[in-house]
Amino acid sequence: MAITSANQLELLQTAEAVAREKMIDPGLVVEAMEESLARAAKSRYGSEMDIRVSIDRKTGRATFTRVRTVVEDEELENYQAEFTSESAKPYFLAPKPTQNAVWLRDGAPITEFSGAAQVGDTFVEEVPPVEMGRIAAQSAKQVILQKVREAERDRQFEEFQDRAGTIINGVVKREEYGNVIVDVGRGEGILRRNEKIGRESYRNGDRIRCYIKDVRRETRGPQIFLSRTAPEFMAELFKMEVPEIYDGIIEIKAVARDPGSRAKIAVISYDGSIDPVGACVGMRGSRVQAVVNELQGEKIDIIPWNEDVPTFLVNALQPAEVSKVVLDEDAERIEVVVPDEQLSLAIGRRGQNVRLASQLTGLDIDIMTEEEESARRQKEFEERTQLFMDTLDLDEFFAQLLVAEGFTNLEEVAYVEVDELLVIDGVDEDTAAELQTRAKEHLEAQARKALETARELGAEDSLIDFNGLTPQMVEALAKDGVKTLEDFATCADWELAGGWTTENGERIKDDGLLEPFDMSLEEAQHLVMTARVLLGWVDPTELEDDTEDDDEEIDELDSADEQA
């Protein structure tokens, strides 16, 4: 096939037809044609040459050109596509460019030819069109098809990437190893078996509604992953059924699901006249029932969200009644006390109710009965009473008085203001002074013993004399192999204070070396950074700059809160 004899407009007509069919830009099809023609021309003129083809977007005329670029002498590798400034002189010094040829510099034609060609200049000359044989034509066809497929995949990826996080309607095409392949219009999505609700089964041609969970670009084309078990699927369904959520008057703050069985959804209203729970339930339950039907009868508890975590948790544990809530914000754990007869209801079948409440609040929840909580408190009372009896040489009654007044350890007795001891019945100033003396003597004895043990374990003076660590802390560090200030400076804050990590969706406790001494992450971080400064590892001015930046951010947040 000769390009010169072909109908030039046919190229543009073919490009437009293919672009309409595949719903892609016609320019991409024309570029694919240019590349295929250039490949065919290289097979005719030589693969070493830089042959380029340009198709006029109005007339369809294909222009074949040979491009040669000026490079440094030492960079010359391809004599067919490159030349040096010296070898370019016969072309560059001509009074005018050869017919059908032009010199370009920075993409613009050169008009002044004084001097020599510069590195980066290109010499472009037109060459005769090629005759395309059967093999060349087949190769050109393959290039065009490949480019069209790539463009179609890019178009699909961009389209569905923008729709990720939304609900889409599709038609079931087939089922493969439990995974459902869904026709979603201009592409196919996959609903994996672990993303289906319960034991859902579908037949070819069934209509299905899914949540677009993820869209990935892969070599075989964009992969659209669908889900019906994602919490976001329920949130989007409520957004479709409840106009107030769509308009932003009501916001869904959290969703927790046990797909196909039960779910909890927390909502808040920004309009005092609108009840968020009632709006989501709808007239005679019509709105929530529509969502339930879509989710194969999944029971849904709609809960009012509250900024106060204990209050929110009490709501989340419905229908169980809660007697008492104890929140540990540092550990992100919460203890809930319920009446004995409410325990099974609070936990739910196979722990479902408490598990969903934990997912909803983002806290680990420990549930105990009033009887269990009373027994635990009694045990703690007895342990503290025994502590004071053993260390302060007190009788049981007097030790119980200390515990009843809220004293939990020797440090509190030794260093509390005397007035706080005088409020105890039967304690005068002399008795208070004697109590504090006994407590201090016992603490000093413990410190001496801990220091001796630490030295026996190899703890050095650099660690023992470090301000902020007690002898008991040094002993605990030495037992774990931290014996010098350098060892201490290499520790992470969570290694000292402890923390929580999440593995496979479960929160796991990491015990800290100094956690028994109630050391916080902030305190641990401060001690470690101080040690690094003393060792010369960190410039203290950098720490000051970071502190100033943090203070400025805090001031800005405080100012914003005041304005709000």
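I looked up aspartate 518 and found it in the loop between strand 19 (506–510) and helix 21 (521–534), helices (H or I, at least four residues) and strands (E, at least two) being DSSP runs numbered from the N terminus. I am working with a predicted model, in which local features need pLDDT of at least 70 and side-chain atom pairs count only at pLDDT 80 or more, while totals for chains, interfaces and linings use all residues. Residues are numbered from 1 along each chain as its sequence is written, and side-chain values use heavy atoms, with hydrogens and water left out.

I noted that phi of aspartate 518 is near 60°, a positive value in a residue other than glycine. Most residues other than glycine have a negative phi, and most peptide bonds are trans. Aspartate 518 counts as exposed because its relative accessibility is 69%; buried means under 20% relative accessible area, exposed over 50% and partly exposed in between, with a 1.4 Å probe and protein chains only.

I then turned to aspartate 393, which is not a glycine either and has a positive phi of about 55°. Aspartate 393 sits in the loop between helix 12 (370–392) and helix 13 (396–404), and its relative accessibility of 62% makes it exposed.

For the peptide bonds, I recorded that the one from glutamine 318 to proline 319 is cis, with omega near 15°. Proline 319 belongs to the loop between helix 9 (309–316) and strand 15 (324–328).

Next I followed the strands. Strand 1 runs antiparallel to strand 2 (residues 62–70), joined by five bridges, where two strands pair if DSSP finds at least two bridges between them. Valine 53 has phenylalanine 64 in strand 2 as its bridge partner. The two strands form a hairpin with six residues between them, and glycine 60 in the turn has a positive phi of about 85°.

I traced strand 2 onward to strand 6, with which it pairs in the antiparallel sense over five bridges; here arginine 66 has glutamate 125 as its bridge partner in strand 6. Strand 6 (residues 122–126) is mostly covered, four of its five residues being buried. Strand 4 (residues 101–105) also runs antiparallel to strand 6, through four bridges, and tryptophan 103 stands opposite phenylalanine 123 in strand 6.
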